[in-house]
Amino acid sequence: MTIANSDFSVQLEEKVERAKKNARWRKQYMTWQQTIDEERFEAREEGRREGRLAGIAEGAHDKAVETARRFLQMGLPAEQVAQGVDLSIDEVRTL
């Protein structure tokens, strides 16, 4: 532990010690920290949910493209393929 050797550092050290012993301040700090921890947890969970939903949507789109390619190889018209796999006609035409 460093020993305070100037008036300012002595005052600062005294205030820190007083703050450490202040029960009301400690409770406020702990409540504040708990709130931050809870918000961090909720934000992380929300990010995970969004990531899973994005992955599901991307997977569904990839599957639709794969199915559209097969239908086009079978000779089905692009308009029917687009309607059947729920892709835009432009997207099917580019396949």
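Modeller: Tyr29 and Trp32 both lie in helix α2, 3 residues apart, which is about one turn of the helix; helices here are DSSP runs of H or I with at least four residues, numbered from the N terminus. This is a predicted model, in which local features need pLDDT of at least 70 and side-chain atom pairs count only at pLDDT 80 or more, while totals for chains, interfaces and linings use all residues. Residues are numbered from 1 along each chain as its sequence is written, and side-chain values use heavy atoms, leaving out hydrogens and water.

Colleague: Why is Tyr29 called partly exposed?

Modeller: Buried means under 20% relative accessible area and exposed over 50%, with partly exposed in between, using a 1.4 Å probe and protein chains only. Tyr29 has 35% relative accessibility, so Tyr29 counts as partly exposed.

Colleague: What makes the pair of Tyr29 and Trp32 tilted?

Modeller: Rings of Phe, Tyr and Trp (its six-membered ring) pair if their centres lie within 6.5 Å, and planes under 30 degrees apart count as stacked, over 60 as edge-to-face and the rest as tilted. The rings of Tyr29 and Trp32 have centres 5.8 Å apart and planes at 50°, so this pair is tilted.

Colleague: How many aromatic pairs does the structure hold, and why is the pair of Trp25 and Tyr29 called stacked?

Modeller: The structure holds 2 aromatic pairs. For Trp25 and Tyr29, the ring centres are 5.7 Å apart and the planes stand at 15°, so the pair is stacked.

Note on methods:
Helices (H or I, at least four residues) and strands (E, at least two) are DSSP runs, numbered from the N terminus.
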